[in-house]
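The sequence and structure come first.

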Amino acid sequence: MNNEKGMSEIVKAITSLVAASIMVFGINITFYGHLTPGGGFAGGLILAFLFILYYLAYGGDEELAKLPFKVNHILDSAGAIGFLFIGTLGIHFGGRFLYNFMKGGKAFHLLSGGIIPLENIAICIKVGASIFLVFTVLAVFRREK
Amino acid sequence: MIELLLILCIVAAIIAIESKNLLSSIISLGGVGFSLAIIMLFLSAPDVAFVQILVEVVMLIILIRATINRDVTEVKCKREFFGMIFGMALVTVLLGILLMGIQTLPEFGTALVNASAESVPAKYYIENGLAQTGSANIVTGVLLDYRAYDTLGEATVLFTAIIGAIAILRKKKTNE
């Protein structure tokens, strides 16, 4: 361990190497949720892992956690409201909650499934922000006493 | 194979309960989750296995981080006799009710899709799912189209849990 915060130099280097791949994987899982296994929940979890990995590797303290804490509140609520908004539009267009009002697109292609990819993105934002908030609250703010 | 994994699951759960060291109980809890994920893969449910592994990993990270921050805790007090008896009785009654419920399910390993009844919803989903929802992954189609309020409830549960955790664990302002 050197004097800097966080884990050793090896962990930091590997974190910065794999970070882009993790992010692409999470976004891929979210966007292709209507074609392959996965979906908004799993994609959001993977994106939250990325931030947790950064946090653990670079050893942020409470000051570092304050900014994502503020942003995550907004993201968490925005995801939930987005999901509700798209679902309520279904009531307006088709009379049922989550009615799939956007038909069209070829099956087995990325642009298909109507509102399902949009819902997946909203869930991804919501879950990712939520899980990182849990991590922040349980693992960071408990430290000082 | 599934039976072996189930036995591993039960053994890990018993270790997690009986262990005096909090860190080792968390790790054996992880064993329960990962063997459940592999069972889901054997039952050909990749969606469930995927989410199970991810949730297991995040749970382990958060719990280990939260326990290691305090010093490693050892549980020293003994169990109360009356509480243990009461718990065992409660578990027996609940297990009986659960077994009664299981008997109404179809036999293990027989897919509902092959059932002859016309009213089985799984058959309907597989036959009409792609045309009606446009989603090739039938699990996502069922979750986000047929079961309208399912994901809404899940999101609400998560949201409430976060709000509760923040409300309990936030920094208290001291009036000086």
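## Salt bridge

A:Asp76 and A:Lys126 form a salt bridge, with 2.6 Å between the closest N and O atoms. The pair joins helix α3 (residues 62-94) of chain A, which holds A:Asp76, to helix α4 (residues 116-140) of chain A, which holds A:Lys126, so parts 50 residues apart in sequence are tied together. A salt bridge here is a side-chain nitrogen of Lys or Arg within 4 Å of a carboxyl oxygen of Asp or Glu. Helices are DSSP runs (H or I, at least four residues), numbered from the N terminus.

Over all chains, a search of the whole structure finds one salt bridge. Both A:Asp76 and A:Lys126 are buried (under 20% relative accessible area, with a 1.4 Å probe and protein chains only).

## Basis of the model

This is a predicted model, in which local features need pLDDT of at least 70 and side-chain atom pairs count only at pLDDT 80 or more, while totals for chains, interfaces and linings use all residues. Residues are numbered from 1 along each chain as its sequence is written, chains are lettered from A and ligands numbered from 1 in the order in which they are written, and side-chain values use heavy atoms, leaving out hydrogens and water.

## B:Ser135

B:Ser135 sits in the loop between α5 (121-133) and α6 (138-146) of chain B. B:Ser135 counts as buried because its relative accessibility is 1%. Beyond its neighbours within four places in sequence, B:Ser135 is in contact (heavy atoms within 4.5 Å) with residues including A:His34, A:Gly113 and B:Thr140.

Key: Helices (H or I, at least four residues) and strands (E, at least two) are DSSP runs, numbered from the N terminus. Buried means under 20% relative accessible area, exposed over 50%, partly exposed in between (1.4 Å probe, protein chains only).
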